[in-house]
Amino acid sequence: VTGELSDHKSRAARAAPVWTERFAEPPAPRLLDYTRSVEVDKRLWPYDIECSKAHAQALAHFGLLSPEDLEALVGGLDAVARELADGSFVLDESDEDIHMAIERRLVELIGEPGLKLHAGRSRNDQVVTDFRLWVKDASRECAAHLLDLAEVLGKKAAEAVDIVSFEYTHLQRSQPVSLGHHLAAHAWPLIRDAKRFRSAWETADVSPLGAAAGVGTALIADPSVAAKALRFSRTFENSVDAVADRDFVLDFLHACVCAQLHMSRLSEEIVLWASSEFAKIELSDRWATGSSIMPQKKNPDAAELARARAALVLAGYVALATVVKGLPLAYNRDLQEDKQTAFTACDTVKASADVLREIVQDSRLVGQGTGTGGPGQLQGSLALATDLVEMLVERGTPFREAHRSVGALVRRLASEGKEFRAVSQADLAECGIEAVDVSEVRELDARRSIESKRGSGMTSPPAVRAQLEQLQQAISREREWTRS
Ligand code: ARG
């Protein structure tokens, strides 16, 4: 904007918002600065162009635009879209938001027919129509990125089915597990996230266009004309609700929150596992960072940030939920704040999924770990205590009794710094364990322990392989939706 308003009358009209005639004084510059959203919502421009074309078609359908005007509008909108796409579009200081900016430029380019476009429409229904279209695309994109991550986890899991590791509860060793089984456990939540995005897509799939400022318009007799052009499956049931409702954004954000929470748990395990204490994975050099002072450091910064950014995405959900809380119907300017949260969440989810996909893909899996958490040996580890209990149960000992006597045995061995591999006949006798031989206890084996959990969804290698096939099928099913 040049500020030389006296130069040219049309420039003066341009440099002010469309509603200035109503007021005796021009708006305070600070008001315009404070309320302007174009820097954020300019990202909606392709949807706004689409939405305006559909609205123009509806106006023509109801006899409010001549075929010539319609043609001029569609051509003009295409011309504006080209400028926006190639970066030659110049924002004007009077452009409150992308919707007004596009309309302003349209009028500059095509004149009179451009002045007819906003009939029967308000920005209240226009913004929410654009935003629903954006949420639909963004839901598909987020799901696709998460499925790519799930796919890599599945592939890595397939390589690790036979690697013995230890599972944890309370971050204490619990029982032996196939490392592939554990990795696959990070993939399933992502499938559920993809489904949540599909459901967010469905929530967003309702056209609000025609609700106008909130009560509808005398000019559009049937909102389904524009809705069909925009490929929405349904139109609003209530025009007031149509402009007031932001459930579709909250559903989308909720899907983002869940996805980022899941990725934060994966990130946390990458961070933990890459430590010398766990030493279950080795990060590739491409995905490690160094220290400015300690030359030996190999840090997992990217995973740490993916872990931290769950906070940002959750904050976005809380922010929008708080904006909506107690907000009177129908449209209020507060609702303008819905976009930044969703854009940030979407970008964070996609980038985090991409980063984690590469980290997982490039990491080397080591297995049960050689850190200080225990000797990590496959035979005679105390992490096989539950296997001993189950062995006793199979031989007729009541579970609670077996649990108690194995507990006593563990206490006795641990106090002497021993594990099952060093058990003696006297240890067993002292704890009242008679149904097993001392050699059976010494030879309790992590690999056999894993193989014994044969049920569907359990950790035996054949069960894990079957699970990974199911995982692949689930990924393909969800992918089909993201591509439909
Ligand atoms: N930019 C606003 C938003 O994104 C639209 C303006 C709605 N209408 C109004 N009279 N202020 O919500």
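Student: What makes the pairing of the side chains of His181 and Gln467 a polar contact?

Tutor: A polar contact is a pair of N or O atoms within 3.5 Å, and within protein one atom must be able to donate a hydrogen and the other to accept it. The two side chains make their contact at 3.0 Å, so it is counted as polar. This is a predicted model, in which local features need pLDDT of at least 70 and side-chain atom pairs count only at pLDDT 80 or more, whereas totals for chains, interfaces and linings use all residues. Residues are numbered from 1 along each chain as its sequence is written, and side-chain values use heavy atoms, without hydrogens and water.

Student: Why is His181 called buried?

Tutor: His181 has a relative accessible area of 17%, and buried means under 20% (1.4 Å probe, protein chains only), so the word applies.

Student: Which residues does His181 touch, leaving out those up to four places away in sequence?

Tutor: His181 touches Gly457, Met458, Thr459, Val464 and Gln467, where contact means heavy atoms within 4.5 Å.

Student: Which residues surround the ligand?

Tutor: Ser37, Asp97, Arg123, Asn124, Val127, Tyr331, Arg333, Gln336 and Lys339 surround the ligand, each with a heavy atom within 4 Å of it.

Student: Which distance separates a ligand nitrogen atom from an N or O atom in the side chain of Asp97?

Tutor: That distance is 2.8 Å. For Asn124, a polar side-chain atom lies 3.1 Å from a ligand nitrogen, and for Gln336 the value is 2.9 Å. The protein covers 83% of the 340 Å² of accessible area that the ligand has on its own, by the Shrake-Rupley method with a 1.4 Å probe.

Methods
Buried means under 20% relative accessible area, exposed over 50%, partly exposed in between (1.4 Å probe, protein chains only).
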